[in-house]
Amino acid sequence: ATTEIYTLSLHDALPICNFINHKSPIPKTPIAFAFDIDGVLLHSKNPIPKAIETLKYLKTNKIPFILLTNGGGYTEKIRLDLLNSLLSNTNIEIDQLVQSHTPMKYLTNKFNNVLVIGGIDPFTRDAAINYGFKKVLRPIDLVKENPNIWPFVKYSKEEIDKYSISFNINEPIDAIMVFNDPRDMGTDLQIILDLLCSKNGLIGTKRDYISNKPSIPIIFSNNDLLWSANYKIPRFGQGAFRIAIRELYKELNNGNELNDTVYGKPQIESYAFADKVLIDYWRKLNNLKSIGSELTFLQSYSNEYFDNVVMVGDNPKSDIAGGNNFGWETALVKTGVYKDGDFEIDRNLAKPTLGVFNDVYDAVMQSIEKVRK
Ligand code: G3P
Ligand code: MG
């Protein structure tokens, strides 16, 4: 018989607190920004022209902004240090940064023993430990425990000795969380599909039934099919990895579609979380304490503080669709995934409310002009 396996719906994972009537104690300010990173500010480690100038202009003119990226794989602190060094010390602060998995810190009250996928050892494990997950496993640990888990593993002996930890193979894994893009997709796919079809999360086992419900939940931190890296055309992102996992699951479960969970842009949870981060950052700049968790998670409160919040992104399917859906203004730049002509190819592509701009500098300056009118 197929036992009902607990899977995670988008809405029951994050703290939905009782709505308390919230009024801002400070006068409204005209505009605030949320910036996507890859394809807007950076191409991998290379600043996009005028990105640094734009951020410095906003800091000088005390216009509040946050960074909202589907990137991840590091603690927010390490990622922040990387960003500040790449963006010539524009002095971005940690409470301005939302990564793909940042809201997933609220899952520590649901799962203890987690397998975290993607990114580079030891940074991704450190990010999950930093959120408070009690036991954080990585594929490298399972490879060390049994190198035959995938006949073609790519980890070196040095890496295994340096980054793997021992664990109790008889202790079931509670959930799989994908924090960033895989570095050894073969190993990751095999281990993930094993666990999704295991006996209640026990490594090296196989359940004796098929189902659309995985044996343990899998949570992706974004669904980007493509992203703008350092190559002349966009590269596959975590969404491509998810398609591979879903197709393999379907093959192994007689056509049953995998019941999984996705965060990151364009999901409303990520925007609601970012909305609160933006408010808290602005309150801090005005010497007010954090708004705390008194807000209903899935609602925007930034209109209490700002006449306009503008999401500046390069990907219509994540940045623009998510921003529009959440009720922010949106500005699309041509320095990343989006290319002229895309709206003619795909008429359902989300369109930016403020327009398409050559780069982040034009997007910011013209958005400020537009909202001033
Ligand atoms: O892995 C990062 C990629 O998916 C997109 O990142 O900053 O454009 O949301 P970003
Ligand atoms: Mg981007």
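**Strands, pockets and backbone geometry**

Reader: Which residue stands opposite Ile176 in E9?

Author: Ile176 stands opposite Ile218 in E9. The model is predicted, so local features need pLDDT of at least 70 and side-chain atom pairs count only at pLDDT 80 or more, while totals for chains, interfaces and linings use all residues. Residues are numbered from 1 along each chain as its sequence is written, chains are lettered from A and ligands numbered from 1 in the order in which they are written, and side-chain values use heavy atoms, with hydrogens and water left out.

Reader: What makes E8 and E9 a pair, and in which sense do they run?

Author: Two strands pair if DSSP finds at least two bridges between them; a strand is a DSSP run (E, at least two residues), a helix is one of H or I with at least four, and both are numbered from the N terminus. E8 and E9 have three bridges in the parallel sense, and therefore they count as a pair. E6 and E8 also run parallel, joined by four bridges, with Met177 in E8 as the bridge partner of Val116. E6 (residues 113-117) pairs with E7 in the parallel sense over three bridges, and Asn113 has Lys135 in E7 as its bridge partner.

Reader: What is the order of the strands in the open sheet?

Author: The order of the five strands is E7-E6-E8-E9-E12, with parallel pairing.

Reader: Why do E7 and E12 stand at the edges?

Author: E7 (135-137) and E12 (261-262) each have a single partner strand, so one side of each is left without a neighbour in the sheet.

Reader: How do the residues of E8 point, and are they buried or exposed?

Author: Ala175 and Met177 point one way from E8, whereas Ile176 and Val178 point the other way. All four are buried, a term for under 20% relative accessible area, as against over 50% for exposed and in between for partly exposed (1.4 Å probe, protein chains only).

Reader: Which strands does H7 lie across, and at what angle does H7 run to E9?

Author: H7 (residues 238-252) lies across E6, E8 (175-178), E9 (218-220) and E12, and runs at about 155° to E9. Such angles run from 0 to 180 degrees between N-to-C directions, on axes fitted to C-alpha atoms, for helices over the stretch in contact; contact means heavy atoms within 4.5 Å. H3 (residues 123-131) lies across E6 and E7, at about 160° to E7.

Reader: Why is Ser44 called partly exposed?

Author: Its relative accessibility is 27%, so Ser44 counts as partly exposed. Ser44 lies in the loop between E2 (42-43) and E3 (46-47), and has a positive phi near 50°.

Reader: Why does Asn254 count as exposed?

Author: Asn254 has 65% relative accessibility, and therefore counts as exposed. It is found in the loop between H7 and E12, and its phi, near 55°, is positive in a residue other than glycine. Most residues other than glycine have a negative phi, and most peptide bonds are trans.

Reader: Where is the peptide bond from Lys265 to Pro266 placed on the omega scale, and what is it called?

Author: Its omega is near 10°, and the bond is cis. Pro266 lies in the loop between E12 and H8 (268-285). A cis bond also joins Asp121 and Pro122, with omega about 0°; Pro122 is in the loop between E6 and H3.

Reader: How much space lies in the largest pocket?

Author: About 640 Å³ of space lies in it. Of its 36 lining residues, Asp38, Arg79, Asn180, Asp181 and Trp227 are the closest to the centre. On a 1 Å grid over the protein atoms alone, a pocket is an open set with protein on both sides within 12 Å along at least five of seven lines, a cavity is a set of points where a 1.4 Å probe fits but cannot get out, and lining residues have an atom within 4 Å of a point. Points are joined across faces, edges and corners, and a volume is the space filled by probe spheres set on them.

Reader: How do the residues of the lining of the largest pocket divide?

Author: They divide into 11 nonpolar, 14 polar and 11 charged. Here Ala, Val, Leu, Ile, Met, Phe, Trp, Tyr, Cys and Pro count as nonpolar, Asp, Glu, Lys and Arg as charged, and the others, Gly among them, as polar. H2 gives the most to this lining, with four residues.
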